[in-house]
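Dear colleague,

Please find the structure below, followed by a short account of what was found in it.

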Amino acid sequence: MSVDSDIVGAVHAKVRHDSARGHVTGEARYIDDMPMLPGTLEVVLVTSPHPHAGIVSIDVSAARSADGVRAVMSADDIPGVNDVGPVFEDEPVLAAGFVDYVGAPVVAIAADSYDQARNAAALVTVEYDVRPAVLEIEQALEQELYTYPPQFMTIGEPEAAIAKASHRIDGEVRCGGQDHFYLEGHIAMAIPHDNGDLDVYSSTQHPSEVQHGVAHVLGVPTNAVTVEVRRMGGAFGGKESQATIFAAIAAVLADRCGQPVKIRLRRDDDMIMTGKRHDFLFRYDVGFDDDGRIEGVDILMAMRSGNVADLSPGVLARALCHADNCYYLPNARLRGYPCKTNTVSNTAFRGFGGPQGMLVIETVIEHIARTLGRSVDEVRAVNYYGAEDRNVTPYQQRVKDNIIVALVDRLRSEIDFDGMLQAVDSFNASHETLKKGIAMMPVKFGVSFNTPKLNQAGALVHVYTDGSVHLNHGGTEMGQGLFTKVAQVVASVFEIDLDNIKISSTRTDKVPNTSATAASSGSDLNGMAAFNATNTIKARMAEVAASHFETSVDAIEFRQNRVYAGNESLSFADLAQLTWDERVSLSATGYYSTPGLHWDAKSLIGNPFYYFAYGAAVSQVVIDTLTGESRVLRTDILQDCGNSLNPAIDLGQIEGAFIQGQGWLTSEELVWDESGRLLTHGPSTYKIPGSRDVPREFNVHILEDAPNREPTIFRSKAVGEPPLMLALSVWLAIRDAVSRVVDHRHMPHLDAPATPEAILMAVDDIRRRDSQTTTAAKV
Amino acid sequence: MAAISFTLNGELRQESSVSPTMTALDFLRENAGLTGTKEGCAEGDCGACTIVMVRNGADRLEAVMACLLVVGQLDGAQVVTVEGLTERGGELESVQQAIVTQDGTQCGFCTPGFVMALYALRHSGETVTDEVIHDALAGNLCRCTGYRSIVDAARTACSVSGKDNINSRDDSNTLPASDAYEAGGQLYFAPKTIDALIARRVEYPDAPLLSGGTDLGLLFSKERQKFPVTIYTQNVDELRRIEEDDTSFTIGAAATYTEALPYIEAEYASFGVLIRRIGSRQIRNVGTIGGNIGNASPIGDTPPCLIALDSVLTLRGPNGAREISLEDFFLDYRKTDLAKDEIIENVRVPKLGNGQIFRTYKISKRYDQDISSVIGAFRLTLENGVVTAARIAFGGMAAVPKRAIGCEAALTGAVWSEDAVRQAAAAIEEDFSPIDDHRASAAYRLRVAANLFVRLYRDLEGADDVEVMAL
Ligand SMILES: Cc1cc2nc3c(=O)[nH]c(=O)nc-3n(C[C@H](O)[C@H](O)[C@H](O)COP(=O)(O)OP(=O)(O)OC[C@H]3O[C@@H](n4cnc5c(N)ncnc54)[C@H](O)[C@@H]3O)c2cc1C
Ligand code: FES
Ligand code: FES
């Protein structure tokens with residue numbers, strides 16, 4: 001794969017997002033911006049106010065005769081199967097017989113306008129027989145209520161190793177969930193055709209799943225449904241499986257009324273009705289030696305799965321697979337419990353369990369450090385995976401591409417980490433109420449879907465006779481710049497300027513049976529598929545060129561928008577025309593599947609990841625010990641992107657992921673009341689970071705000269721998710737600041753998110769414990 | 001009745017059949033086909049719907065949230081949306097170009113809102129510092145970029161102040177503002193004099209008084225309510241006035257935060273900082289102190305400050321005006337002393353006297369654009385090291401904004417010292433029994449309220465580490 005190129009927009013160039021102009025002018029169209037066909041109906045859903053109840057009766061008569069109403073639908077009206085579960089058949093479109101979370105759709109109403117549908121919705125009466133609800137993770141754990149069997153990963157002899165270690169500690173920590181808060185909420189529009197076929201526009205990361213879901217719910221073959229998505233206004237995992245239900249509702253109503261139907265969730269409904277990042281409860285028990293080297297560890301990881309499985313099994317598997325982070329755990333027992341609660345089913349969110357897995361092991365490392373009176377980084381150093389030995393993960397994959405030690409060393413020396421530590425010490429010595437904290441966070445993130453079969457992709461490339469190129473693939477654009485990156489791949493292979501490549505909407509009738517655009521693997525998979533398709537056409541064109549120039553195919557070279565045979569050349573466009581003239585196809589599909597993956601979902605053993613992406617961050621924070629307010633003063637990041645396909649886009653991914661992670665760990669707090677209702681369901685109550693929350697000094701660098709050792713697309717690495725976990729440096733730095741209040745004599749009791757309230761309570765608590773031990777010591 | 005007229009991207013629009021309480025956002029997207037302006041929340045908190053307008057008679061170009069504005073409020077204004085900045089296919093406006101150059105877009109859904117917020121900043125004539133940029137962007141959320149690229153774009157594009165080309169593009173900036181409008185059975189009154197306003201109020205005592213609409217607007221945008229009658233206050237000149245004499249400011253109930261800010265920040269710097277944390281520029285450009293008082297929320301930010309400053313309200317009804325101390329105005333949770341035929345005319349805020357100092361501290365989950373968990377406001381009179389008088393009020397601690405009588409008593413007469421302050425703080429638990437909610441627990445509220453006394457002491461003693469934002 002050649003990488004030196006003089007074309008405009010080759011791989012590795014800082015190419016702008018293809019829609020940037022459309023974004024700033026407002027011309028870039030999202031589904032809600034599409035001109036509505038005459039007769040388009042809008043939908044409002046009647047949802048459950050109870051976390052758990054039987055449905056005794058539903059009376060829709062008044063709604064049916066309300067102004068503008070065209071259709072009222074409940075579970076009984078679903079023509080096909082009332083299920084959209086992505087993995088298991090457990091997720092009804094409309095509640096049948098019972099509801100098991102607040103916000104579960106019960107009735108769907110289509111009317112001429114949104115307001116009419118809304119007015120009619122208020123006229124629906126549903127009689128419930130309220131049942132006891134399980135709202136907390138602990139309750140579900142005690143009652144052994146799971147959405148899927150618990151998963152256990154074991155390596156070595158953890159019990160024995162913990163028992164005979166010279167030190168043993170245990171602890172508990174929790175992390176909260178996180179709403180995706182994509183700026184564009186869920187939306188779908190279904191347009192029926194005369195023969196019963198349907199076109200569905202859906203804001204989804206997974207058009208194929210929406211297609212299958214819609215067909216399943218309608219009871220029609222998959223080929224009757226076409227799903228299209230040009231772009232999403234953000235997704236972050238929240239539109240991986242969650243879009244199906246809304247598309248299915250729009251489709252059934254469109255099919256019934258014979259009119260186009262649009263459903264757009266308003267912000268509150270979106271936040272109440274759709275899943276979020278899983279909150280977790282962790283308990284650990286760890287044995288280690290005098291240097292802090294972990295000898296054995298047992299970790300309980302209990303997630304709030306919600307009412308159904310959805311993607312929880314995958315999220316849990318990834319959490320288990322990242323509870324090692326960068327550390328060698330020779331003896332480990334990792335126990336994952338997908339707790340079934342009467343809350344909305346949690347789902348994929350950037351990192352997909354990885355952030356939670358890392359949060360607990362970092363807490364363990366910190367606890368070891370505080371116990372031994374050592375620095376956290378000293379404890380990390382003795383636990384990092386080795387290069388030749390100590391390199392087998394708890395799921396028995398060998399870590400072959402480990403660069404974490406070098407990467408961390410480089411970051412530390414570039415920013416003078418030791419100097420920073422001293423500055424923090426001296427600030428704290430001279431300040432009474434504000435305390436600074438500092439922490440590093442190393443990250444190793446496994447790239448590939450944990451489930452091997454998902455690691456495949458397809459692409460479709462056409463060259464027209466004027467040399468312009470049409471590109472399509474199964475990946476979706478949610479802002480991450482995937483379309484731009486894949487187009488760069490095609491441009492580089494053909495050696496033509498990027499503006500010759502037409503990027504097109506993702507459609508299930510162009511590339512079928514695709515995987516979700518997720519797991520950071522969008523460009524790995526679709527880039528390779530497009531690479532293969534492009535090479536197929538290129539080889540055919542080369543043959544045409546060879547016969548035209550009366551030379552061998554080997555002598556043909558595509559370079560700078562032309563095709564050369566020695567000194568003779570043709571423009572790419574002329575060759576395209578010639579190829580057509582010669583009756584050779586200028587269209588090809590490309591396919592790719594990631595090599596070497598296997599995974600046994602029962603034993604949790606295998607080789608689930610093609611490679612690992614590495615990164616490290618150092619964050620400095622200040623907390624106010626009177627109010628618990630905090631601020632991130634500075635963050636330095638060094639991220640491994642392999643040979644970045646597009647450093648401009650990757651930089652944006654790193655920065656955006658970091659800030660999103662910071663929000664999860666600091667200000668974003670999901671609060672439910674005792675009846676299972678979400679109280680924080682809009683930006684007025686749920687606080688994602690704003691521009692002032694960005695670290696005051698924010699230095700982000702991409703590791704240079706770091707080609708992927710695996711033959712990925714132009715030796716690049718995935719970047720969507722890995723940097724999110726670097727934000728744990730902020731949380732750890734806040735914990736450090738709390739711990740510094742008592743000169744690191746105690747471990748802070750601080751969960752995530754570290755809101756002002758949580759921080760203040762942790763400060764008060766650590767002071768209390770410290771004064772108890774100091775008094776006890778005096779006695 | 002008359003039509004609602006305004007210019008939209010330079011073109012005159014006269015609407016005579018649109019619901020006056022349809023949100024400007026819905027109007028733009030559905031009626032005008034301008035879909036560049038996005039809906040991200042419909043509650044004024046995300047900024048995706050930011051547009052810019054010059055209001056009737058004003059000379060300032062202001063960013064506002066289209067989702068909380070109703071069509072009636074557009075009457076007489078010049079409105080510019082993202083579509084108005086660039087010809088299709090033409091050269092990008094400099095803010096747009098800077099965002100493109102800095103790779104400041106990912107999904108792009110937030111982008112038009114950022115463009116408009118920065119467009120307003122570029123035309124504000126301010127010297128652009130990072131502080132100012134964050135102030136201008138506090139109302140705009142982006143979930144993708146992490147902001148760095150957008151802030152960089154702001155630095156380059158807004159350092160050169162823009163030529164206000166709105167006036168030149170429009171035929172006129174003084175379109176007639178009509179004072180009554182009717183469509184689809186909904187009446188909308190926008191009286192121009194206080195007497196006319198009172199008359200409408202008497203005629204329709206159940207109609208909501210609409211000022212900036214940053215509280216009330218939620219009923220239109222999210223609750224989709226269609227009131228039969230709405231009475232708009234911001235066209236009444238007397239209510240927009242801010243007057244200053246030797247001893248006080250009199251702030252008209254319909255004067256916006258943006259208009260009041262210069263007066264307040266010059267006299268009570270700490271109150272000025274607080275106002276900059278109320279909502280965002282988009283909110284403060286239309287929202288009012290009068291509305292903050294009229295809304296009577298226990299977590300409104302200005303009432304504790306105004307109570308600590310011993311402010312007096314003037315209420316006016318058919319029988320003339322009456323004065324009432326602000327602390328007596330709030331009766332119970334969302335209940336006030338305002339009669340059904342009265343309006344709030346203005347609030348008179350005494351200036352600081354000799355030896356008086358004022359401080360207010362707002363605590364919230366996020367620094368910018370967040371509702372307070374707790375807000376404390378303190379006016380102390382210090383003479384020769386002794387606290388001779390103290391007025392202290394808190395928000396977020398009770399069903400109404402309320403004075404901390406016990407704390408005040410403990411401080412009054414005491415020698416100014418950390419000890420005295422801690423003793424005063426200890427009285428918090430007698431003064432208040434707050435509640436748990438999604439913003440904070442009762443325990444946290446009590447703890448923080450008490451700790452704010454320590455902050456106050458250190459602040460007045462000149463400590464350099466009073467707040468994390470100082471670093
Ligand atoms: C995104 C966002 C952020 C916000 N942030 C904050 C914040 O940080 N702190 C805070 O305190 N508030 C905040 N608010 C609430 C709101 O902005 C303020 O309360 C504002 O002061 C309301 O003023 P307004 O002119 O918009 O009032 P409106 O919404 O027009 O009216 C509010 C109430 O006051 C009544 N009213 C208005 N004028 C009069 C009058 N002359 N006489 C009698 N009654 C009258 C109205 O009838 C209504 O009941 C926020 C709101 C939003 C949407
Ligand atoms: S749509 Fe979010 S502020 Fe208006
Ligand atoms: S670019 Fe997606 S929300 Fe800002």
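Which element gives the most to the shell around ligand 1? It is H13(B), with five residues. Please note that this is a predicted model, in which local features need pLDDT of at least 70 and side-chain atom pairs count only at pLDDT 80 or more, while totals for chains, interfaces and linings use all residues. Residues are numbered from 1 along each chain as its sequence is written, and chains are lettered from A and ligands numbered from 1 in the order in which they are written.

The ligand. Ligand 1 is surrounded by 32 residues (C-beta atom, placed from the backbone, within 6 Å of the ligand); the closest are Gly44(B), Gly212(B), Gly291(B), Asn292(B) and Gly294(B). Two or more shell residues come from each of strand S8 (209-210), helix H13 (289-295) and strand S16 (343-350) of chain B. Helices (H or I, at least four residues) and strands (E, at least two) are DSSP runs, numbered from the N terminus. By class, the shell holds 13 nonpolar, 16 polar and three charged residues; Ala, Val, Leu, Ile, Met, Phe, Trp, Tyr, Cys and Pro count as nonpolar, Asp, Glu, Lys and Arg as charged, and the others, Gly among them, as polar.

The domains. Chain B is divided into domain 1 (1-173) and domain 2 (239-464), with bounds from an automatic or database domain assignment. Because both domains of chain B give residues to the shell, ligand 1 lies between them.

Yours sincerely
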